[in-house]
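Hi everyone, thanks for coming. Let me put the structure up, and then I'll walk you through it piece by piece.

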Amino acid sequence: METKVMASFFSSALNEKIKSFIGRYETKRSSILPVLHAVQDENDWISQEAVQALESEHGLSVVDVNEVLSFYTMYRKNPPKPYRLEVCGSISCWLHGADKTIAAAKAHIAEGEKNGNPVPFECHKVECLGVCGYAPVALVNKDRHLNVTPELAIKLISEYSKKELPAAAKKCASDLAARSAHQ
Amino acid sequence: MPVMNSPYNGRQPNEFKILTELEGVPNSRSLEVYKKYGGYAALEKVLKGGMSPDDVINLVKASGLRGRGGAGFPTGMKWGFVPKAPGEKYLITNFDEGEPGTYKDRYIAELNAHMLIEGKLIGAYAIGASKSYIYLRGEFYDEIAWCEKAIKEAYDAGYLGDNVMGTGFKHHMDVYIGAGAYICGEETGLISSLEGKKGQPKLKPPFPAVKGYLNKPTIVNNVETLAAVPWIIRNGPEAYKKFGTEKSAGTKLFNISGPVVRPGCYELPLGYPLKRFIYEDCGGLIGGKKLKAVIPGGASAPVLTADEIENITMDYEAFASAGTMLGSGAVIVIPEDVSMVHVLENLMHFFKDESCGQCTPCREGTGWLLKMSRDIVNGDGVPGDAEKIADVAGKMMGRTICTFSDAAAGPARSIPQKFAHEFVEFYKTKKNAVQAHG
């Protein structure tokens with residue numbers, strides 16, 4: 001008789017990563033933060049399906065995982081755009097015109113949408129990124145940029161937009177396409 | 001003015017190098033370079049030189065080293081609180097650097113994370129911990145990589161593992177990555193986070209030294225604190241005390257932000273004059289602008305006016321007696337053309353965003369402080385609002401599990417009190433003016 005093997009929600013590489021985090025700390029619960037980082041690194045966000053799968057496949061409680069997921073701001077609970085420009089708006093960056101950088105980036109992104117030439121970007125104001133002497137500080141996904149003037153923000157958006165999309169963004173798009181085909 | 005143990009007069013900042021010795025050295029982050037500059041000699045002295053854990057604690061106590069994360073608690077004394085009984089104990093490094101204005105701990109990792117690892121090993125030996133963590137904020141991608149690399153190098157070189165340097169001392173180290181929560185810089189919030197929970201602080205007592213991570217004795221130390229330990233062991237407490245003042249011994253990393261000509265991270269002896277730091281070392285304000293105010297120790301520190309910094313020195317006591325704090329050594333410079341009402345609104349946005357929501361005075365208070373300051377900025381303020389903000393802030397102090405609420409109240413009390421005239425100008429603007437004239 002053939003045994004039916006349920007396909008895992010996660011890739012085999014990600015499953016290995018999750019298992020290694022689960023065994024790495026004193027308690028299984030401590031693995032939740034690193035596991036969620038790993039899921040997000042591969043899928044670009046953390047869906048409730050992923051949370052369910054962490055319980056059914058890896059025994060991490062949905063309640064415990066959602067406690068962490070909802071508390072920490074770095075976890076994305078909705079599918080994001082491929083690139084996130086996160087500009088620090090806290091005091092030191094604000095003193096160096098972070099508000100202007102954010103406004104310029106948002107206007108640039110909105111303009112692209114309006115002209116039917118959208119850029120794969122979203123822009124958020126975030127709190128202190130911890131490099132206050134080189135304000136305004138911003139992240140594009142995991143890359144840090146310093147002294148991000150409005151001009152530099154627009155330049156960064158253009159430069160990243162020309163690059164091949166990150167693997168996680170591609171995975172996110174194909175997951176969403178598969179999901180809507182299912183519905 | 002405090003009595004400086006070693007006169008700074010005429011000396012340049014590059015003459016005070018304990019933590020920043022590797023500044024400008026090529027390939028400074030490598031183990032090889034670190035060893036060339038005396039790296040791991042302190043660990044060897046401790047483990048192979050016959051020093052007992054108590055010897056280490058007493059030596060650090062004698063050096064006068066105080067916690068560099070903000071609270072300024074004597075480090076040796078903190079280590080001494082850990083029960084001597086056998087059992088699991090933990091040493092955690094607080095690398096959740098996120099106090100607005102602060103970027104010093106990351107600078108240490110940028111220079112060489114082995115300083116931190118060696119300091120941690122010595123601290124772990126002193127308290128009897130066989131496991132330690134470096135808790136880094138999630139946004140510090142480079143810093144995480146530098147720490148991971150240094151830990152791996154330390155394992156490969158035999159400084160970490162079951163038999164450190166062949167002495168039988170066992171110590172394992174790992175990084176733990178946060179996910180965007182300022183409150184995890186509070187030591188019990190950090191412990192909650194490391195346990196895989198919301199980063200909500202815990203009521204003290206019991207203090208972590210007795211009951212911390214997984215209810216085991218735990219010491220949480222700041223990066224800069226631990227990184228200073230190897231130098232102190234190598235050179236002795238008296239050499240360390242030559243820097244700084246009687247009660248604030250040693251050097252400190254001062255990180256300056258805001259519109260100054262030469263921003264950056266400067267290592268200076270405690271007790272260094274703030275005005276000299278801003279105008280001579282950092283080149284003053286960009287474009288020769290006039291100084292309006294200084295937040296001397298990160299966003300949580302009450303603000304000082306330009307007049308108040310005239311003769312103040314940068315040490316724990318001098319800032320405390322001026323009603324503010326040294327905090328993380330984050331000096332934020334505010335020029336004349338920036339409105340303090342806007343500064344207040346910006347700071348309150350930070351505290352509202354970062355309150356963990358556990359205690360009512362903080363969760364509700366930070367929301368109201370933001371709303372009230374935003375109303376004033378938007379021209380909806382009425383006379384008396386500044387006083388109301390200071391009053392609400394006063395009622396948030398000393399009523400919560402951790403000191404976050406007090407930190408939010410610091411600027412919310414000091415700004416309306418010291419810059420009341422700027423609020424009056426806002427009451428006259430926009431909506432109020434329109435309404436007044438029908």
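When I say domain, I mean bounds that come from an automatic or database domain assignment. On that basis, chain B is divided into domain 1 (17-241), domain 2 (251-335) and domain 3 (340-436). Chain A has domain 1 (12-71) and domain 2 (83-162).

Some housekeeping. Please keep in mind that this is a predicted model: local features need pLDDT of at least 70, side-chain atom pairs count only at pLDDT 80 or more, and totals for chains, interfaces and linings use all residues. Residues are numbered from 1 along each chain as its sequence is written, while chains are lettered from A and ligands numbered from 1 in the order in which they are written.

Back to the domains. In chain A, the C-alpha centres of domain 1 and domain 2 lie 30 Å apart. In chain B, the C-alpha centres of domain 2 and domain 3 are separated by 23 Å. Their contact takes 8 residues from domain 2 of chain B and 11 residues from domain 3 of chain B; by contact I mean C-beta atoms, placed from the backbone, that lie within 7 Å. What sort of residues does domain 2 of chain B bring to domain 3 of chain B? There are 6 nonpolar, 2 polar and no charged residues on that side. For those classes, Ala, Val, Leu, Ile, Met, Phe, Trp, Tyr, Cys and Pro count as nonpolar, Asp, Glu, Lys and Arg as charged, and the others, Gly among them, as polar.

Now for the two chains together. Here the contact takes 35 residues from chain A and 44 residues from chain B. On the chain A side, the elements that give two or more residues are α2 (32-43), α4 (62-71) and α5 (91-95). My helices (H or I, at least four residues) and strands (E, at least two) are DSSP runs, numbered from the N terminus. That side of chain A divides into 18 nonpolar, 10 polar and 7 charged residues.

Let's go inside. The largest nonpolar core has 184 residues, and those with the most contacts inside it are A:V87, B:I122, B:V294 and B:V333. Helix α6 (residues 114-127) of chain B gives the most to this core, with 9 residues. A core here is a set of buried Ala, Val, Leu, Ile, Met, Phe, Trp, Tyr and Cys residues joined through C-beta atoms within 7 Å. A residue is buried if 20 or more other C-beta atoms lie within 10 Å of its own, exposed if 12 or fewer, and partly exposed in between, with C-beta atoms placed from the backbone.

How many residues of α6(B) are buried? The count is 14 of its 14 residues. The end C-alpha atoms of α6(B) are 20 Å apart, which agrees with the 20 Å that its 14 residues should span at 1.5 Å a residue; the expected span is 1.5 Å times one less than the number of residues. Leaving out residues up to four places away in sequence, B:I122 touches B:A42, B:L43, B:V46, B:V56, B:V229, B:P230 and B:I233. Just after α6(B), B:G128 takes a positive phi of about 80 degrees.

B:V294 stands opposite B:L304 in β10(B), and 2 bridges join strand β9 (residues 291-295) of chain B to β10(B), running antiparallel. The open sheet has 5 strands in the order β7-β6-β12-β9-β10 (chain B), with mixed pairing. Its edge strands are β7 (264-269) and β10 (304-305) of chain B, each pairing on one side only; strands pair if DSSP finds at least two bridges between them.

A cis peptide bond joins B:K204 and B:P205, with omega about -5 degrees, and another joins B:P205 and B:P206, with omega about 5 degrees. In that loop you'll also find B:N215, a residue other than glycine with a positive phi near 65 degrees. B:N215 counts as exposed because it has 12 C-beta neighbours inside 10 Å.

Buried or exposed: which is B:Y40? B:Y40 is buried, with 21 other C-beta atoms within 10 Å. B:Y40 has a positive phi of about 65 degrees although it is not a glycine. Thanks, and I'm happy to take questions!

Definitions and conventions
Contact = placed C-beta atoms within 7 Å.
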